Amino acid sequence: MAVAAGVRLYPAEDWYDRPMRWAQLTLVEDDPGNFDPSFWLDYFHRTHSDAACLSAGGCIAYYPTKVPFHHRSRWLGGADPFGELVAGCRKLGMNVIARTDPHATHPDAYAAHPEWIAVDAQGNKRRHWADPDFWVTCALGPYNFEFMTEVTKEIVTLYKVDGIFSNRWDGSGMCYCENCRSNFKAFSGKELPRTNNPQDAARRDYTVWRQQRLFELWRLWDGEIRKINPNASFIANAGGGALSSLDMTTIGELAHILFADRQARRGLMPCWMNGKNGKEYRSTLGRKPIGGIFSVGVEEQYRWKDSVQSPQEIKVWVADGIANGLRPWFTKFSGTLRDHRWLKPVEEIYNWHYQNERYLRNEEPLARVALVYSQQTAAYYGGDQARAKVEDHTMGFYQALIEARIPFEMVHDRLLDSAHVDPFRTLLLPNIAALSDGQCAQLREYVERGGRIVATHETSLYDEWGVRRKDFGLAQLFGASYGGKVEGPMQNSYLTVEKDAATGQFHPLLKGLEDAGRIINGAHRVAANPLRKAAYAPLTLVPSYPDLPMEEVFPRVPKTDIPEVFVQEFGRGRVVYFPWDIDRTFWEVLSVDHLKLLRNAVIWATDELPPVSVNGPGLLDVTIWRQKQSLTVHLVNLTNPMMMKGPIREIIPIGAQQVRIRLPRAARVASVRTLVKRQSRPFQVKDGFLHLETPSIEIHEVVAVDLA
Ligand SMILES: [Zn+2]
């Protein structure tokens with residue numbers, strides 16, 4: 001097989017940024033001898049995949065391992081399918097990482113090493129929930145620290161791979177084995193927690209200890225790999241947003257490269273969720289490459305792992321990841337194909353990506369707005385209810401920004417130093433409840449330097465451990481102090497839309513609501529009192545009143561002067577604070593009035609022309625990037641009845657879009673092209689802005705601006 005045209009032979013060191021398209025083949029135990037490696041190598045070649053992740057060991061070994069209790073596939077015979085695939089990929093000029101999965105093991109391993117097996121809260125060894133022939137392993141004890149270290153060393157020694165990617169390496173829930181018990185006791189002096197309450201002292205210590213232990217394992221494996229191959233590293237399947245359990249800032253320091261493992265939509269999940277991964281990972285990895293793992297199958301609770309999804313759904317999902325800086329990584333389980341329908345759409349995506357690679361190698365995003373996320377808020381304030389109390393606020397704000405076509409990044413709350421936040425004009429704090437004094441000081445300094453903030457609900461009302469403060473940590477910024485209670489869920493409560501009595505004008509926050517008089521409130525509110533009297537409050541509270549019997553549905557208190565938004569200029573910056581759960585309620589109810597408020601709040605706070613604005617019909621995810629010699633604007637068409645719940649089965653093209661892009665100072669435009677329709681486009685440059693019109697968009701369009 002010929003080496004793909006354009007494959008450059010890079011020095012082995014620092015290979016991480018080279019691959020743009022990844023292929024993953026996860027073998028199943030009966031693949032050896034039954035699947036055709038040359039079929040896969042040919043497919044990697046045709047898709048211009050420049051790196052591969054291939055099953056090697058852990059649960060099942062796909063090479064002739066000599067590590068005791070490393071279970072060789074029963075179909076292996078004398079063959080070495082992993083080695084054969086590695087050699088084939090190397091001939092294609094690909095980077096190769098080996099996949100291990102240590103989460104389950106076999107009865108012979110249990111018999112010889114019962115201490116390797118995870119233990120449940122009742123003290124029983126855990127059988128595998130999906131396959132009772134297997135046992136669940138303890139991630140924090142000798143199984144990973146000793147046995148898997150030997151497996152890892154053997155794979156790197158035999159095959160000189162570029163890294164070890166480990167799936168499900170961080171355990172399968174709480175383990176009460178003797179090792180975990182004694183190690184935790186040595187760390188904390190306490191017994192393992194039996195509650196999920198984040199305010200329980202043992203639970204809090206456990207959250208810290210578990211992370212320390214896993215990062216210790218990460219460093220151990222990474223060190224052992226580098227002793228054998230200095231250009232390789234450990235690549236954990238880890239990371240995510242507020243709900244992920246390992247600290248993303250540490251992950252960002254340890255990882256050279258990382259992969260966001262959200263393979264497809266399931267249940268109620270909007271199309272933009274893949275792009276959200278890109279933003280979350282980038283917040284702590286910066287310019288390090290991030291792959292977006294997508295499966296080609298149906299990802300629902302019934303786990304049809306060997307299925308094939310509609311091509312439209314695959315394409316929209318992957319396009320949103322690419323638009324948000326993810327490098328595509330397809331994953332297929334089973335080397336033997338039973339349904340071939342995914343091959344063509346993935347080949348089409350990859351070929352387009354290959355042809356336009358120059359415009360997809362991003363240097364930096366140019367968004368000026370950033371949505372903050374907080375793992376400590378999820379862990380210590382949200383606890384078991386983190387999805388409803390924390391993530392749903394983020395989801396609502398995210399949806400509003402998409403609908404408002406405001407390009408944005410995400411920021412980790414433990415990276416609020418000026419280097420990380422000063423590229424952004426405005427930070428959004430969707431119920432970032434748990435913030436330390438230091439973090440509050442960083443936010444205050446950010447605003448004093450000219451930054452802007454839009455915050456909601458209980459933001460800063462708790463310290464970093466989720467313990468409630470007497471007052472908001474950000475009271476000065478909000479111009480409000482805590483009024484002593486949080487109400488909700490509230491039935492049938494409203495907000496009066498107020499004019500400024502002094503000027504007779506509505507605040508810009510109320511644009512589009514001037515004729516409303518009154519709009520619906522959220523479902524939860526923090527009682528908040530203004531620090532200064534007589535300030536104009538654009539929204540005031542109409543308290544709940546009976547919603548039945550219908551004869552009783554009239555406001556008992558038609559109007560109050562209780563502010564439900566605080567708007568102020570502070571230092572050189574601006575701050576908008578909504579004491580109610582506008583973002584969470586928007587996610588639940590999707591009221592267009594709440595959308596207008598969120599959009600207006602971001603626009604008023606930001607108070608500058610955006611880096612890109614896009615006008616035209618439809619719902620679009622808009623992102624803007626700079627490459628070495630170009631700018632790109634991605635437009636992903638999410639206009640679809642299946643936007644909130646897949647799978648998409650039909651693409652609804654949207655009409656022409658008017659695009660205005662702010663050019664870097666002194667930039668000269670050489671040409672403007674659309675990379676999907678492959679047209680060069682007429683354009684105008686006026687006052688530092690580039691104006692053009694895109695043709696109709698089916699799934700994805702990229703406006704590429706070549707700079708002279
Ligand atoms: Zn254990």
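Reader: Which residue stands opposite Val369 in S14?

Author: Before the answer, a word on the source: this is a predicted model, in which local features need pLDDT of at least 70 and side-chain atom pairs count only at pLDDT 80 or more, while totals for chains, interfaces and linings use all residues. Residues are numbered from 1 along each chain as its sequence is written, and side-chain values use heavy atoms, with hydrogens and water left out. Helices (H or I, at least four residues) and strands (E, at least two) are DSSP runs, numbered from the N terminus. Two strands pair if DSSP finds at least two bridges between them. Here Val369 stands opposite Thr426 of S14, and S12 and S14 pair in the parallel sense over 3 bridges.

Reader: What is the bridge partner of Thr426 in S15?

Author: That partner is Arg452. S14 and S15 run parallel and are joined by 4 bridges.

Reader: Which residues of S14 are buried on its two faces?

Author: In a regular strand, side chains alternate between the two faces of the sheet. Buried means under 20% relative accessible area, exposed over 50% and partly exposed in between (1.4 Å probe, protein chains only). Thr426 and Leu428 on one side of S14, and Leu427 and Leu429 on the other, are all buried.

Reader: In what order do the strands of the open sheet lie?

Author: The 6 strands follow the order S13-S12-S14-S15-S22-S21, with mixed pairing. S13 (408-412) and S21 (566-570) stand at the edges with a single partner strand each, so one side of each has no neighbour in the sheet. S21 pairs with S22 (residues 573-578) in the antiparallel sense over 5 bridges, and Glu569 stands opposite Arg574 in S22.

Reader: Which strands does H17 touch?

Author: Contact means heavy atoms within 4.5 Å. Angles run from 0 to 180 degrees between N-to-C directions, and axes are lines fitted to C-alpha atoms, for helices over the stretch in contact. H17 packs on the sheet and touches S12, S14, S15, S21 and S22, its direction making about 160° with that of S22.

Reader: How do H12 and H17 pack?

Author: H12 (residues 386-403) and H17 (residues 592-606) have axes 9 Å apart, at an angle of about 75°. The two helices are therefore roughly perpendicular; that label covers 65 to 115 degrees, whereas angles under 35 count as roughly parallel, over 145 as roughly antiparallel and the rest as oblique. Phe397, Ala400, Leu401 and Glu403 of H12 meet Leu595, Leu598 and Val602 of H17.
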